[in-house]
Amino acid sequence: MALSRLRGPVKEISNSHAPSFLRARFLSSSFSSSRSLSRPPCVQNSLVGGHGSPLRPASLFMLTGVQNNSLKLKLWVGGIKHFSSTDSSHTVLQMPAMSPTMSQGNIAKWRKKEGDRIEVGDVLCEIETDKATLELESLEEGFLAKILVPDGSKDVPVGQPIAITVEDQDDIQNIPATVAGGSEIKEETINQNVKNENNVQEKSSIKTSASALPPHNLVGMPALSPTMNQGNIAKWLKKEGDKINVGDVICEIETDKATLEFECLEEGYLAKILAPEGSKDVAVGQPIAITVEDPADIETVNNSVSSGSEIKEAKPTHHDDGNEAKAQKTGVARISPSAKLLITEYGLDSSSLKASGSHGTLLKGDVLAAIKSGKGSSSKEKTLPSPQKASPTVSTDSRSHIKQSDSFEDLPNSQIRKVIARRLLESKQNTPHLYLSSDVILDPLLSLRKELKEKHDVKVSVNDIVIKAVAVALRNVPEANAYWNAEKGEVILCDSVDISIAVATEKGLMTPIVRNADQKTLSSISLEIKELAEKARAGKLSPNEFQGGTFSISNLGMFPVDQFCAIINPPQAGILAVGRGNKVVEVVIGSDGVERPAVVTKMNLTLSADHRVFDGKVGGAFLSALGSNFSDVRRLLL
């Protein structure tokens with residue numbers, strides 16, 4: 001094997017790193033496009049001190065949610081606490097992700113100055129996001145030691161340090177001098193953080209004694225797409241102890257875009273499976289397996305991992321007992337603002353509640369747990385008159401009866417359907433949809449289809465001819481064959497006409513692409529559509545067969561659907577919804593110029609367009625060109 005035999009340190013195999021030890025092969029795909037993908041910033045879970053000492057997360061600032069407060073919102077934000085043998089303990093406050101779409105924010109105003117004392121509930125600063133202006137409140141006492149991002153700072157990325165707090169005022173002057181460097185300490189902290197996270201993952205998965213471990217490789221969950229931050233282990237194709245040859249498929253991984261086969265590019269043996277078959281939402285980078293070069297090392301690694309996991313499980317149990325004993329002795333030391341409101345509303349006794357926050361802080365979740373357990377109802381019953389004591393029992397019985405009647409079943413969602421749901425929501429929220437509808441006469445198309453079948457033995461479907469008609473219309477109106485570039489803030493015209501066709505499968509909606517559809521014949525389009533549809537239903541579409549389309553078509557003509565509005569598939573700017581054909585009576589001008597009633601077949605077409613790309617003129621020109629293609633359908637044969 002090409003891997004060096006090292007004793008102790010493990011090598012993490014990941015798709016996002018330079019060494020390409022594993023290769024992914026697509027099995028299925030989803031309703032997505034690579035240009036619309038963006039990976040949200042990750043929240044840092046642990047850091048390292050100025051002298052390389054390991055740090056542990058602290059809950060001085062806790063992410064508990066958003067509350068509506070008149071015109072502003074309040075948020076409690078997560079921080080990272082540093083401990084070092086030489087430096088004072090301090091907490092780095094980072095720019096939080098306050099909404100699902102937030103990637104950066106502005107520091108509107110600092111309410112506290114450097115050196116100021118921070119009380120529980122004090123507002124530290126105001127942050128402008130893409131949704132609202134929010135206030136950052138503290139749940140702990142301390143002092144604001146250093147402001148890293150001053151007032152008026154714009155576009156501060158999520159996760160960037162914005163301030164440092166300490167518990168003791170004397171520790172302000174002991175903050176390391178490197179903090180003043182700003183960007184330097186940030187880069188250093190991130191690099192150290194990556195090393196620390198790797199160490200934590202290794203310690204949680206294997207035995208910490210390096211001398212007792214044979215040479216081995218730690219296989220982590222790779223980032224197989226730009227938006228992937230977790231995946232599911234669909235199936236392990238290798239068992240523990242099996243030999244792995246170059247090109248062997250180890251397992252199948254279900255990501256947010258497709259189901260992939262995980263191939264190995266090195267020889268070895270599968271020593272231990274850390275993430276069993278069926279594991280859901282496995283984070284990127286989390287270890288999923290361990291491989292070794294020598295089969296004699298399999299048993300050693302297997303035993304080491306088992307003992308390591310037992311130690312990991314035993315420690316938190318002991319820690320929890322210590323917290324419970326401490327809480328029973330000391331009681332509640334501090335109460336968060338939201339917890340105070342609930343205690344007042346439900347008439348609870350704060351001394352009888354258990355605090356789960358740091359330093360004995362009673363949090364909102366602690367009060368809610370007490371209310372659910374019945375403490376809130378018992379205190380309210382004491383204030384009610386005695387004749388009404390029986391009424392709560394009756395209401396409780398009725399509630400239980402209602403709950404029993406409201407039976408339901410949870411249907412697990414695949415990664416593909418999850419990403420489809422997220423993309424559809426993002427499209428409706430972020431894309432201004434413009435809807436234009438028109439009816440076309442379908443009889444010339446049906447006559448051409450019948451003629452091709454009878455005279456030339458060429459079988460094409462109505463959908464094949466619709467694809468050709470749409471492609472030719474896009475070629476004639478190039479302004480409609482475009483997309484919106486959010487970074488540049490301008491419309492980008494596409495060079496080719498690539499039509500995405502919506503295909504329903506068991507795993508979700510797939511969109512295979514007919515490339516250069518305006519240049520292909522009806523028969524070639526028909527053959528290509530059949531092949532792509534079969535691949536989509538079998539889950540064997542390759543990335544180039546479903547990524548990069550310029551326009552989409554969704555056809556429900558085979559169902560009793562007369563008209564519907566489709567949702568745009570970003571970054572595309574348009575999708576055409578095709579309904580069924582209906583026979584209607586309409587006035588038709590004959591060859592002699594006389595108007596007569598006649599039965600014609602009409603079909604509704606509804607265009608959903610990005611209003612940033614399509615205005616009324618462009619949309620009208622496209623539908624006009626499309627209608628001409630249906631009325632003179634033989635031009636499509638040219």
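Modeller: Helices (H or I, at least four residues) and strands (E, at least two) are DSSP runs, numbered from the N terminus. This is a predicted model: local features need pLDDT of at least 70 and side-chain atom pairs pLDDT 80 or more, while totals for chains, interfaces and linings use all residues. Residues are numbered from 1 along each chain as its sequence is written, and side-chain values use heavy atoms, without hydrogens or water.

Start at threonine 431. This residue sits in the loop that links helix H7 (415-430) to strand E24 (433-441). Its relative accessibility is 10%, so threonine 431 counts as buried (under 20% relative accessible area; exposed is over 50%, partly exposed in between; 1.4 Å probe, protein chains only). Set aside the neighbours within four places in sequence. Threonine 431 then contacts Glu426, Ile568, Pro570, Asp610 and Arg612 (heavy atoms within 4.5 Å).

Now follow the chain into E24. Strand E24 belongs to an open sheet of six strands. Their order is E24-E33-E32-E31-E27-E30, with mixed pairing. Two strands pair if DSSP finds at least two bridges between them. E24 is an edge strand, and so is strand E30 (513-514). Each of these two pairs on one side only.

Further along the sheet order, look at E31 and E27. Strand E27 (residues 499-501) and strand E31 (residues 551-555) run parallel. Three bridges join E27 to E31. Isoleucine 501 stands opposite isoleucine 553 of E31.
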